[in-house]
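These are my working notes on one protein chain.

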Amino acid sequence: MGSTAGHGEAALEAGNALKFGGGGRGKEKEKEVQHGWRTAHNMSSSSLRKKSDLSLVLKMRWGLARDLLANLQEIFLGTKLFILFPAIPLAVAANYFHFGREWLFALSLLGLTPLAERVSFLTEQIAFYTGPTVGGLFNATCGNVTELIIALFALQKRKIEVVKCSLVGSILSNLLFVLGTSLFFGGLANLRMEQLFERKQVDVNTGLLLFGALCHILMLLLRYPINSGDKTVDSTASSMILALSRACSIIMLLGYLAYLFFQLKTHRRLFKSQEEKEDDANDDVVTEDKPVIGFASAMVWLAAMAIMISLLSEYVVETIEAVSHSWGLSVSFISIILLPIVGNAAEHAGAIIFAFKNKLDITLGVSLGSATQISMLVVPLCVIVAWITGIKMDLDLNLLETGSLIMAILVIAFTLQDGTSHYLKGLVPLLCYLAIAACFFVFKSPLE
């Protein structure tokens, strides 16, 4: 699908940029195009990739067939998670032949894992052609596409509690489980050296997370002062909370746009890894990253991946209640604990790998950046979409979910306040997550 052509065009554009850019400025521009758009989420996913051996494919005489096979090999064999791809057709077969709902649920979750990693790979390929600003925006927007699609399907099915629980669970998972596990094992792997990270990035993300938590707290503050046995008052409170939720959602989206401008434009250096900063300081170092598939091919594959994610997400949403009854687990436990852990396994593994390598800036960018995106983009976007489609979804979480969210943010804020890390700083958030998981394991909501 135009892989060879894509390589030639990229090389020609790079050559022209150096020819007409003029010395050092041309080299600086090339470095910016090469890695200026890469987010921590994208770099984390890259740790699970592997180079494909195209020697046999390139020997083919027919150009179109050669490009097609090269694309297929890069897409399906260019990841260490390729062994999970068979779960996708098996999930489709399980749905078609009416296998047990538990099988359909489990296979769909497994199939979502490599798809999420491949979406990150494809957005990286597209960013090679679009430049640093558009590429960074594209990567930042697609970082949690799996959670967004699952939430939208649950919203379409009017399963509002599933939407809220799955999104809160993603935030808790990123803050406590992913970051806690990464800091714990990273600290054990680097016992004899001090692990350092950029605290300014942490301050930005925790500030936004606290703002998002405030919007949820306001709903509780609005409800409980007027809580009484009068149904008219309770109905009035619900309408007020719905109106406030929609207003806060718009404000949160504006805050996320400001965060993107801050991250991609005015203060991009704060969100770069230490390696990128060292490359910027060394004028003789230019990265060798190149696209491996063409722009049109990447767009087609990205659309195909989105369709597959949508299909598997629909299976997950449709079977979650049946699995809850079959496994004896509450819907809230499956949504808050199980879905985020399995659905984001690729991203989580990448964060842990970079912590082992003492690259905590990337690990923190993955966990905190993903949590911030869900809190400030995905959650308010779901409220706005529900508003447009006539569904009454608000930001009013239950007291248990809201309290867990606030405490998780405070634990992380205090853990990361001095810019250093060791294994005990990872153990504390991890223990907090286990305590929250145990709480939701024994908790049964009134709807269940």
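Predicted model: local features only at pLDDT ≥ 70, side-chain atom pairs only at ≥ 80, totals over all residues.

**Entry 1: H14 and H18**

Helix H14 (residues 331-343) and helix H18 (residues 423-442) have axes that come within 8 Å and cross at roughly 140°. I noted the pair as oblique, because angles over 145 degrees would be needed for roughly antiparallel, and H14 and H18 are therefore oblique to each other. The handedness of the H14 and H18 crossing is left-handed. On the H14 side I listed Ser-332, Phe-333, Ile-336, Ile-337 and Ile-341 as making the contact, and on the H18 side Tyr-433, Ala-437, Phe-440 and Phe-441. Sorted by class, the residues of this contact between H14 and H18 are 8 nonpolar and 1 polar, with no charged residue.

**Entry 2: H8 and H9**

I next examined helix H8 (residues 145-156) against helix H9 (residues 160-189), which pack at an angle of about 165° with their axes 8 Å apart. That angle makes H8 roughly antiparallel to H9. I recorded the crossing of H8 past H9 as left-handed. H8 contributes Glu-147, Ala-151, Ala-154 and Leu-155 to the contact, while H9 contributes Ile-160, Val-162, Val-163, Leu-167 and Ser-170. I counted the classes in the contact of H8 with H9 as 7 nonpolar, 1 polar and 1 charged.

I then turned to the loop between H8 and H9, where Arg-158 lies. Arg-158 is not a glycine, yet its phi is positive, at about 65°. I noted this since most residues other than glycine have a negative phi. Is Arg-158 buried or exposed? Arg-158 is exposed, and its relative accessible area is 54%.

**Entry 3: H9 and H15**

H9 also meets helix H15 (residues 345-356): I found that their axes come within 8 Å and cross at roughly 30°. H9 and H15 are therefore roughly parallel to each other. Here the crossing is right-handed. From H9, I listed Ser-173, Asn-174, Phe-177, Val-178, Thr-181, Ser-182, Phe-185, Gly-186 and Ala-189, which meet Glu-347, His-348, Ala-351, Ile-352, Ala-355 and Phe-356 of H15. By class, I recorded 8 nonpolar, 6 polar and 1 charged residues in the contact of H9 with H15.

I followed the chain into the loop between H15 and H16, which holds Asn-358. Asn-358 is not a glycine either, and I noted a positive phi of about 65° for it.

**Entry 4: H17**

I compared the span of helix H17 (residues 399-415) with expectation. Its 17 residues should span 24 Å at 1.5 Å a residue, and the end C-alpha atoms of H17 are 24 Å apart, so the two agree. I then asked which residues of H17 are buried. They are Glu-401, Thr-402, Ser-404, Leu-405, Ala-408, Ile-409, Val-411, Ile-412 and Thr-415. Against which elements do the buried residues of H17 pack? I found H9, helix H10 (199-223), H14, helix H16 (360-388), strand S2 (420-421) and H18.

I checked helix H6 (residues 101-130) in the same way. H6 has 30 residues and reaches 42 Å from its first C-alpha to its last, close to the 44 Å expected at 1.5 Å a residue. I noted H6 as mostly covered, with 22 of its 30 residues buried.

I then looked up Leu-312, whose place is in helix H13 (residues 295-327).

**Entry 5: The chain overall**

Finally I noted the totals. The protein chain contains 18 helices and 2 strands. I recorded 52% of its 448 residues as buried. Among contacts in the protein chain with a separation of 6 or more, 83% are between residues 24 or more positions apart.

Terms used: Residues numbered from 1 in each chain as written. Heavy atoms only, no water. Axes fitted to C-alpha atoms, helices over the stretch in contact; angles between N-to-C directions. Helix = DSSP H or I, 4+ residues; strand = E, 2+ residues; numbered from the N terminus. Parallel < 35°, antiparallel > 145°, perpendicular 65-115°, else oblique. Left-handed = near helix turned anticlockwise from the far one by under 90°. Contact = heavy atoms within 4.5 Å. Nonpolar A, V, L, I, M, F, W, Y, C, P; charged D, E, K, R; others polar. Expected span 1.5 Å × (residues − 1). Buried < 20%, exposed > 50% of the residue type's maximum accessible area, 1.4 Å probe, protein only.
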